[in-house]
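Me: I have a structure open here and would like to talk it through with you. Could you start with the surface?

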Amino acid sequence: MPIPKVTRTNVQRALQEIDRHGVPKNRRSTRFCLIHNGRHFPPKYVLALAVQHATGRSLKPDEHSGGAETNSRLRKLGFTVEACDQCHLSSSPRPLPKPAAPAPPPPAIARLVLVGETRRRPEQLLLKTFENWPKHFVADFLITPGGFAEGTLPPGVPGKTGWQSDPRDFPAIRKAAESVASSILTPRLLDAARGKVRDLTLGIDLDAADASRPHAELVAVVDLPSGRILCWTGKSYPVQAQENTLWHVTDLNSHCLQLAGRRVLVLGCHDLNMFSQRAWKNQKSGSPRRQRTTQMRKIAKQFHPEVILHHPHTTDSPKTWQTAWAGARKLLHPAAWASAIHYPGASQSRATLDSVLAHTRSPSGPFLDIILTPGQPPRARLTDGMH
C-alpha cells in the first residue's frame, strides 16, 4: 500500500518512542540502520511508528516494504540511513539520562490569566498580552487556559468517542484545529511575540456543529519565532459528565515533549487528575479510568519531565488542583510547573485570585502572569528571582 506522508517531526517522535520502549524482536533490521545521535534504528520500524504519529495508525510489516522505498523516504527528510548490522543496539530502551551537575537554571514560564467573561478574539487577547510584556523578559513557555480558542468538528467526526475513541479520527480533528490556530497565528501576532516567547501552548476546543455532543479538547504547541505548530496533544482523561462524549487523545506519549531543550509534560484540563491519589482511590480496579491512569503514570515517570504545563478551563480555588499537583510533584519531581488560569471572578469563586495564582505554580524561578480583565488594562506580574 502507498506509504502516507510523514514529516521530520513524526520521525523524531518515532525515534524518541524507541528510545523509551526499545524495538520488538520481530521488527529489527539486519541490512540497514537509521543512525541518529550515535544510535542505530531499524528504518522500516521507524517509518511505521512515524506513520502512526502522523495518522494515528501504525503500518504493519506486510503493509509496506523496507529497503530502497523506506530508506529514500527517510533520507529525503534529512536522516542518515546506511548499510550496517547494528540495529540490535536499539532492541532495549536507552537508560534515562542522569541530571547534569550543576543543574541548569529553571525555565522562564509565563501564563495567561483570564478573569471573568472570556468570549473575545484569542488573537486580540494575545496581542494585548505582548503589548504589555515586561521589557527584557524572555519566556521559554507561554501557556493558555483550556478552550482558549474554539472551533467546529468536521461532520461525522469523530466516529467514536469516550473510551472507544478511535485515533484514526485524529487527522480530521487536527485539520479542524489547525484552521482555528492559523486564524490566531497571524503575521501581526508573530511579529508582536518576537523576542518575548519561544513556545506557546494553545488550548483549542472543538464541538460538533449539529445538536450532538461530541467534542475534543486539544493543545497545540507552537514555535512562535517561526509560527510553526510543533506538535499536538490534548485531553486524555475526561470528567464523569463528558466520559462518553469526549474524543480522547489515546496516544499518551503525545504529552511527553522535548521543548526549549527541556523534557516537558503537557497536560489537558483534567489530565492532571491522573496523578491525584484521591482520584486513584475512587477508581475501580480494572476500569478504563484505572487503566488509563496506570499507563499515564508509567509513561510520565519514565519520561521524568523537568517541566509540567497544565491547561485547565476554569479554576476558582487553589483546592481545585491541590491534590493532583501534590501527586504529580511527588511522583515526577519537576523543576517547574504551572496551570494556566481562567478565574470566573471574585463573586463566583471560592477563593481570591491572588490565592489561586500563588498555589497553581512552582514557587521559584522566573515567572510572569499576564492578567486580562474585561474593562481593565492588562496587568503584568513578574517574578524574576529564585527563592
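Reply: The accessible surface of the protein comes to about 17900 Å², and 51% of that belongs to carbon and sulfur atoms; such areas come from the Shrake-Rupley method with a 1.4 Å probe, and for residues only the protein chains shown count as cover. Please keep in mind that this is a predicted model, in which local features need pLDDT of at least 70 and side-chain atom pairs count only at pLDDT 80 or more, whereas totals for chains, interfaces and linings use all residues. Residues are numbered from 1 along each chain as its sequence is written, and side-chain values use heavy atoms, with hydrogens and water left out.

Me: What share of the residues counts as buried?
Reply: Of the 387 residues, 55% count as buried, where buried means under 20% relative accessible area, exposed means over 50%, and partly exposed lies in between (1.4 Å probe, protein chains only).

Me: And what about the overall dimensions?
Reply: The C-alpha atoms fill a box of roughly 65 × 50 × 45 Å along the principal axes. The radius of gyration is 21 Å, which agrees with the value near 21 Å for a compact globule of 387 residues; this radius is taken over C-alpha atoms, and the globule rule is 2.2 Å times the number of residues to the power 0.38.

Me: How many helices and strands are there?
Reply: The secondary structure comes to ten helices and 16 strands, which are DSSP runs numbered from the N terminus (helices H or I, at least four residues; strands E, at least two).

Me: Changing topic, how many salt bridges are there?
Reply: The count comes to 13 salt bridges, each being a side-chain nitrogen of Lys or Arg within 4 Å of a carboxyl oxygen of Asp or Glu. One of them joins arginine 39 and aspartate 19, at 3.0 Å from N to O. That pair links distant parts of the chain, since arginine 39 lies in strand β2 (residues 39-41) and aspartate 19 in helix α1 (residues 8-21), 20 residues apart.

Me: Are arginine 39 and aspartate 19 buried or exposed?
Reply: Both arginine 39 and aspartate 19 are buried.

Me: Which residues form a network of salt bridges?
Reply: Arg121, Glu123 and Arg188 are linked in such a network, and within it the closest N and O atoms of arginine 121 and glutamate 123 are 3.0 Å apart. Glutamate 123 is buried, with a relative accessible area of 4%.

Me: Where does arginine 168 stand, buried or exposed?
Reply: Arginine 168 counts as exposed, at 55% relative accessibility, and forms a salt bridge with aspartate 166, with the closest N and O atoms 2.9 Å apart.
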